Number of protein chains: 2
Amino acid sequence: MQLYQRDAIESAVSIDTAALEAVENAFAALGRGDVVQPPILSMAIEESNGEVDVKTAHIRGGERFAIKVSPGFFDNPKIGLPSLNGLMMVFSAKTGLVDAVLFDEGYLTAVRTALAGALASKHLSREDSRRVAVLGAGEQAELQVRALQLVRDIDTVDVWARSRESAAAYAERVRGLGLSVNVHDEVRAACEQADIIVTATPAREPILTAQDLPDGVHVTAMGSDSPDKRELDEEVMIRADAFVCDTRAQSEVNGELKAFARQAANASTSSGSGSAGSRTDSAGFGANSAGFGAGSAGFGADRERQRQPPFKVYELGRVIAEGQRLRVSDASITVCDLTGTGVQDTAIASFALARLS
Amino acid sequence: MQLYQRDAIESAVSIDTAALEAVENAFAALGRGDVVQPPILSMAIEESNGEVDVKTAHIRGGERFAIKVSPGFFDNPKIGLPSLNGLMMVFSAKTGLVDAVLFDEGYLTAVRTALAGALASKHLSREDSRRVAVLGAGEQAELQVRALQLVRDIDTVDVWARSRESAAAYAERVRGLGLSVNVHDEVRAACEQADIIVTATPAREPILTAQDLPDGVHVTAMGSDSPDKRELDEEVMIRADAFVCDTRAQSEVNGELKAFARQAANASTSSGSGSAGSRTDSAGFGANSAGFGAGSAGFGADRERQRQPPFKVYELGRVIAEGQRLRVSDASITVCDLTGTGVQDTAIASFALARLS
């Protein structure tokens with residue numbers, strides 16, 4: 001068994017086309033139904049304003065699978081520690097023995113998240129996309145742009161962030177990537193000429209509205225990854241010509257589709273099962289990414305109908321696996337909601353270990 | 001961060017009264033409602049006849065919590081490797097940073113499982129219990145007896161196992177503990193004079209029937225820990241004067257209560273939601289050990305009623321926390337079903353780390 005620390009992992013793995021291909025192959029396997037991906041294990045440590053998530057997935061026939069533990073302790077910065085942390089364990093899929101522990105402190109998660117954003121744009125945005133609006137100024141706001149450069153000839157970034165100082169600092173960093181960067185005070189202005197919009201914030205209320213969307217834009221929403229976060233107004237998804245998510249089950253619990261699930265829960269409160277029902281929803285999605293249908297068959301038909309958003313929901317894995325072309329014209333608006341999946345973790349951890357060992 | 005291998009962990013932790021107290025305190029905290037214990041994350045690796053479970057729990061106010069990964073790969077013995085394996089990660093509950101990784105290969109699980117069995121007998125069996133019937137001849141069949149010696153003056157063991165050779169080998173080992181051991185060919189004969197019966201098998205069909213129970217006996221069933229295992233005939237539980245489990249949610253999915261859940265699922269097949277409903281059941285238990293009620297409120301009242309077993313279900317944590325005396329006479333029959341809980345893992349890992357560091 002091997003142990004690897006962050007430094008070694010950073011030297012071995014970066015945002016490049018090989019890593020992109022590894023994550024793309026994993027999504028394709030998910031889309032073909034070749035992945036076992038249990039629901040996320042999540043536990044709150046309320047007294048420390050913390051939580052810990054465990055994600056895993058196995059690509060059938062794959063040599064290894066990873067289990068990732070991601071603690072988020074949001075009071076840590078007060079004592080000089082980062083909020084996010086974590087490690088990945090890599091197991092042999094033949095014997096269950098631990099092949100390696102990657103003490104990456106969340107680095108591989110940041111990489112695979114950025115790569116998923118690039119894949120969304122690769123399969124959904126216009127090929128001639130040049131200009132990217134970025135909402136948010138954190139680490140992912142930067143990594144998403146770096147990953148986008150793998151799939152589109154980006155030349156300009158328009159950034160908006162809640163803090164103008166953060167946006168200005170972000171602009172400096174991203175200019176270092178050889179890009180022209182403009183800082184904006186309003187979301188609308190940042191998005192006005194965008195070919196691609198990336199939302200990468202911890203927002204708890206929508207920051208992007210349908211009125212902010214120029215024709216032909218692709219939106220990747222990667223900020224929302226827990227039940228209390230949202231970035232997109234419902235109308236953004238309703239206006240889109242195609243809505244894609246990494247997995248529907250997770251989008252309904254942690255991502256943007258929960259806007260519609262919440263409405264359904266409210267609508268059924270009169271039957272007396274509203275709030276408890278919504279907890280059951282989140283746990284009931286079953287053991288694979290296509291589990292929504294089967295997992296919810298125990299509910300009444302009325303509840304089922306209420307929970308359907310008023311548009312078709314595509315999943316990124318199937319878009320990739322089947323080569324679905326959801327953009328039907330240069331004016332089409334596409335939206336992809338990413339919550340982060342265990343299969344990405346298994347893919348990037350296996351990729352990292354192959355490079356390290 | 002510290003790494004510890006199995007040898008060091010075995011030297012530091014054994015089946016003794018200090019470890020028993022640590023696990024007992026954890027159950028008491030669970031019984032008081034002071035524990036956050038998410039549902040088990042479980043993933044099958046079908047092509048290797050393997051599965052991996054992840055358990056965790058946090059005792060509110062506790063300094064640390066553990067996350068345990070338990071792979072079980074049942075073809076491993078063919079290539080000379082043990083089936084069971086695993087490790088425990090210990091995290092600071094203040095910061096989420098990893099304090100230690102215990103590469104215990106399942107040793108701490110074996111210890112905390114044996115200790116839970118001792119706690120069941122401590123709180124449920126007759127104080128004058130001397131004679132133990134053990135069904136099964138594996139590692140737990142032995143450790144359960146060693147742990148029982150902490151709480152009762154055991155003098156005789158009656159063992160039955162599917163393989164008589166295994167039972168004979170077991171008898172030799174247990175005689176080494178200073179006990180008189182008899183090997184039996186029939187379950188009934190092994191149990192005839194038992195004060196305590198321990199079932200510690202991987203059986204998939206019931207091995208113990210109500211007719212096997214002498215008056216006044218206490219039964220600890222610790223073998224069943226997955227949806228496909230069972231040790232107790234339904235009538236054992238129905239005949240018992242008190243039925244206790246570690247957590248009801250887990251017993252219904254992985255333990256002996258699923259005998260009744262399965263009947264309920266069958267009974268509701270005519271409504272067209274039978275099989276899918278039973279999957280939703282297992283995922284719907286919510287985020288704590290008392291979650292059955294809230295998690296299932298989304299189902300119809302009929303289904304809810306069908307799933308009730310025809311007896312009251314007690315939980316070991318509350319029995320301990322509240323000092324419940326469920327044995328009302330020397331003739332009472334008591335049954336405790338143990339499936340293994342995350343809070344035991346957090347307790348034994350914290351205990352181990354305190355001894356190691």
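Me: A polar contact is a pair of N or O atoms within 3.5 Å, and within protein one must be able to donate a hydrogen and the other to accept it. With that in hand, which backbone nitrogen does the side chain of B:Thr201 reach?

Reply: Keep in mind that this is a predicted model. Here the B:Thr201 side chain comes to 3.2 Å from the backbone nitrogen of B:Ala203. There's a side-chain partner too: B:Glu231, in a polar contact at 2.7 Å.

Me: Where in chain B does B:Thr201 sit?

Reply: Look at the loop that joins strand S11 (196–199) to strand S12 (218–221) of chain B; B:Thr201 is in there.

Me: Is B:Thr201 buried or exposed?

Reply: The general idea is a cut-off: buried means under 20% relative accessible area. B:Thr201 has 12% relative accessibility, so it counts as buried. Set aside the neighbours within four places in sequence, and B:Thr201 still touches B:Leu135, B:Gly136, B:Ile207, B:Gly223 and B:Glu231.

Me: On to helix pairs. At what angle do the axes of H2 and H3 of chain B cross?

Reply: For reading such angles, 65 to 115 degrees counts as roughly perpendicular, and under 35 as roughly parallel. In chain B, helix H2 (residues 17–32) and helix H3 (residues 107–124) cross at roughly 70 degrees, and their axes come within 9 Å. That makes H2(B) roughly perpendicular to H3(B).

Me: Which residues meet there?

Reply: H2(B) brings B:Ala19, B:Leu20, B:Val23, B:Glu24 and B:Phe27. From H3(B) come B:Arg112, B:Leu115, B:Ala116, B:Ala118, B:Leu119, B:Lys122 and B:His123. Sort that contact by class and you get eight nonpolar, one polar and three charged residues.

Me: How do H4 and H5 of chain A pack?

Reply: Try the angle again: helix H4 (residues 139–148) and helix H5 (residues 164–175) of chain A pack at about 30 degrees, their axes 11 Å apart. H4(A) is therefore roughly parallel to H5(A). As for handedness, the crossing of H4(A) and H5(A) is right-handed.

Me: And which residues of H4(A) and H5(A) meet?

Reply: On the H4(A) side you'll find A:Ala141, A:Glu142 and A:Val145, which meet A:Tyr170, A:Arg173 and A:Val174 of H5(A). By class that's four nonpolar, no polar and two charged residues.

Me: Zooming out, how many helices and strands does chain A have?

Reply: Chain A has 14 helices and 15 strands. Of its 357 residues, 62% are buried.

Notes: Residues are numbered from 1 along each chain as its sequence is written. Chains are lettered from A and ligands numbered from 1 in the order in which they are written. This is a predicted model: local features need pLDDT of at least 70, side-chain atom pairs count only at pLDDT 80 or more; totals for chains, interfaces and linings use all residues. Side-chain values use heavy atoms; hydrogens and water are left out. Axes are lines fitted to C-alpha atoms, for helices over the stretch in contact, and angles run from 0 to 180 degrees between N-to-C directions. Helices (H or I, at least four residues) and strands (E, at least two) are DSSP runs, numbered from the N terminus. Angles under 35 degrees count as roughly parallel, over 145 as roughly antiparallel, 65 to 115 as roughly perpendicular and the rest as oblique. Contact means heavy atoms within 4.5 Å. Ala, Val, Leu, Ile, Met, Phe, Trp, Tyr, Cys and Pro count as nonpolar, Asp, Glu, Lys and Arg as charged, and the others, Gly among them, as polar. Buried means under 20% relative accessible area, exposed over 50%, partly exposed in between (1.4 Å probe, protein chains only). A crossing is left-handed if the near helix is turned anticlockwise from the far one by less than a right angle, and right-handed if clockwise.
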